[in-house]
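Subject: Structure for your review

Dear colleague,

Please find below the structure that I am handing over to you, followed by an account of what was found in it. I would be grateful if you read the two side by side.

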Amino acid sequence: MRQPTAASPRRNRAAATFTALAAAALLTAAAAAPAVADEPAENDTLWISTPYDLVLPGADADGDAAAQSVDVQLSHDNTGNSVSGGTLTVDAGELAGIATVTWPANCAEDAASPLKATCSFGSLDGTPWITAATLGIRADADAPADASAYLHYAASADSAFGTLDAYPTDTHVTVANGPDLGLNQLPFNTKVAVDSDVAQPVRLTNSGNRTADRTILTLFASHGLDLAHRYGNCTYLDGDRVSNPMGTTAVCVLDRAVAPGQAYDLSPATAVRTTGAALYERFDYQVATYTDEAYQQALAGRPFVQGSGEDFVPAPVAPAALRSADTDDLNPEDNYRMRTLTADNTADLRATAPNITGAVVGTTVTARIGVLNRGPAWVASLGAGASVATVDVTLPAGTTVTRKPAMCDEAGGLHYVCRTPILQWEKDRTVFPFKLRIDSADALGATGTAATRNNDPELSISAFDPNLKNNSTTFTING
């Protein structure tokens with residue numbers, strides 16, 4: 001099940017989405033999240049989370065239409081407020097003549113309309129979200145293509161602060177004809193051994209009512225992972241520090257048609273092996289209906305190389321496996337998936353700051369504060385986009401900073417806070433060069449310090465660094 005979102009816009013299925021996510025978003029450091037003020041003592045808000053957009057496949061040649069499910073989820077802001085339960089109201093009246101709704105056991109159908117119901121839910125305490133109801137929706141056999149309507153939701157809950165009323169929200173429901181490709185979500189994988197093979201049971205399904213004759217499979221394996229196989233019907237862009245610095249990208253064209261209700265096993269193409277550099281890794285996988293334009297978008301003008309092995313031919317999956325797969329969501333989100341893997345490995349970060357020699361009063365010198373990754377793993381925050389290391393720097397007394405590094409912010413006087421990029425390659429160093437003016441003789445012999453924040457909540461160095469003693473250092477200005 002995908003992460004709940006409150007009214008997220010419908011996403012484009014094009015492979016350009018994957019390219020932007022697996023390249024640009026990973027290349028830049030994420031901006032610091034704004035601070036959130038504490039909730040007032042008796043203030044709280046109830047929220048409804050549903051799909052913003054839902055596409056129902058129309059009837060197939062036999063007059064049958066596949067049912068889709070909609071999870072209606074609830075949350076509230078103030079965890080200090082006890083929410084004991086309440087009611088969810090669902091109004092599907094606009095779907096009359098378009099679709100039929102199946103209500104779960106906790107929902108009581110309105111006596112005047114089978115398309116309206118009130119659902120009871122329990123406590124919200126101790127969990128960020130609860131599923132208040134899971135609705136089944138199926139297009140009517142005679143529903144016209146492109147017919148659309150809205151599902152409406154309202155909710156009210158009893159709490160220690162009184163009644164909470166959620167802001168009403170909607171799901172836009174559309175009937176459409178065509179293939180609807182989807183991929184199952186792989187679970188997080190932790191403590192994977194270095195230099196080991198990792199099976200990834202990815203399944204491709206078509207939940208629509210038309211056949212997809214050809215498909216494009218796009219894969220991204222971060223720097224600490226190797227794709228286990230290379231196929232002749234795939235092109236590959238291997239990682240380097242210029243063209244594809246995060247890892248390896250593969251774009252495959254699958255010629256096997258995917259009929260409605262069919263599923264195929266993509267495991268051989270998606271299998272990976274951890275390398276000696278593996279630590280916090282990421283695997284992205286996306287599928288799209290083939291068009292020449294979509295294929296060129298996936299390549300994005302980059303220098304891919306054709307695989308030299310045999311073609312990859314996906315194997316069909318038995319219907320029983322299909323029924324248990326995570327393929328009941330027609331929204332475009334299921335065309336793209338991402339998995340994180342954590343390897344059982346270490347990376348020794350070391351604070352560096354060479355002494356400064358030959359300083360003269362009135363001149364300017366350079367203090368080169370740095371963080372060296374001695375390996376064996378690289379360190380990358382490919383999901384949160386957090387800096388690998390936050391470094392507290394105190395510069396020697398008797399100096400004035402005439403130029404600071406762009407990645408450093410003043411924190412008062414001669415104290416600065418510096419942040420590395422979101423990745424640190426193994427055996428590589430990030431340097432923060434400070435230009436310092438020697439104002440007085442007091443600076444000669446003065447000492448500065450540099451130290452990483454080893455338990456930063458954004459990315460805890462102590463979780464992977466086996467030697468925290470070398471994470472702080474001092475340096476001296478000498479005449």
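This is a predicted model: local features need pLDDT of at least 70, side-chain atom pairs count only at pLDDT 80 or more; totals for chains, interfaces and linings use all residues.

Residues are numbered from 1 along each chain as its sequence is written, and side-chain values use heavy atoms, with hydrogens and water left out.

Disulfides

A search of the whole structure gives three disulfides (pairs of cysteine sulfur atoms within 2.5 Å). With bonded cysteines counted along the chain, they follow the pattern 1-2, 3-4, 5-6.

In the disulfide of Cys107 and Cys119 the sulfur atoms are 2.0 Å apart. The torsion about this S-S bond is about 105 degrees, so the disulfide is right-handed. Cys107 belongs to strand β6 (residues 107–110) and Cys119 to strand β7 (residues 113–121), so the pair ties together parts that are twelve residues apart in sequence. Strands (E, at least two residues) are DSSP runs, numbered from the N terminus. Cys107 has 10% relative accessibility and counts as buried; Cys119, at 0%, is buried too (buried means under 20% relative accessible area, with a 1.4 Å probe and protein chains only).

Cys234 is joined to Cys252 with an S to S distance of 2.1 Å, and this link is right-handed, with 110 degrees about the S-S bond. Both Cys234 and Cys252 are buried.

Cys408 and Cys418 form a disulfide with sulfur atoms 2.1 Å apart; this link is also right-handed, at 110 degrees. Cys408 lies in strand β31 (residues 408–410) and Cys418 in strand β32 (residues 415–419), ten residues apart.

Strand β3

Seven of the ten residues of strand β3 (residues 67–76) are buried, so the strand is largely enclosed by the rest of the structure. Strand β1 (residues 46–49) runs antiparallel to β3, joined by four bridges, and Ile48 stands opposite Leu74. Strand β8 (residues 130–139) is likewise antiparallel to β3, with eight bridges; here Gln68 stands opposite Ile137. Strands pair if DSSP finds at least two bridges between them.

Aromatic rings

The structure holds six aromatic pairs (ring centres of Phe, Tyr and Trp, the last by its six-membered ring, within 6.5 Å; planes under 30 degrees apart are stacked, over 60 edge-to-face, the rest tilted). One of them is the tilted pair of Tyr290 and Tyr295, at 6.1 Å centre to centre and 40 degrees between the planes.

Yours sincerely

Conventions:
Buried means under 20% relative accessible area, exposed over 50%, partly exposed in between (1.4 Å probe, protein chains only).
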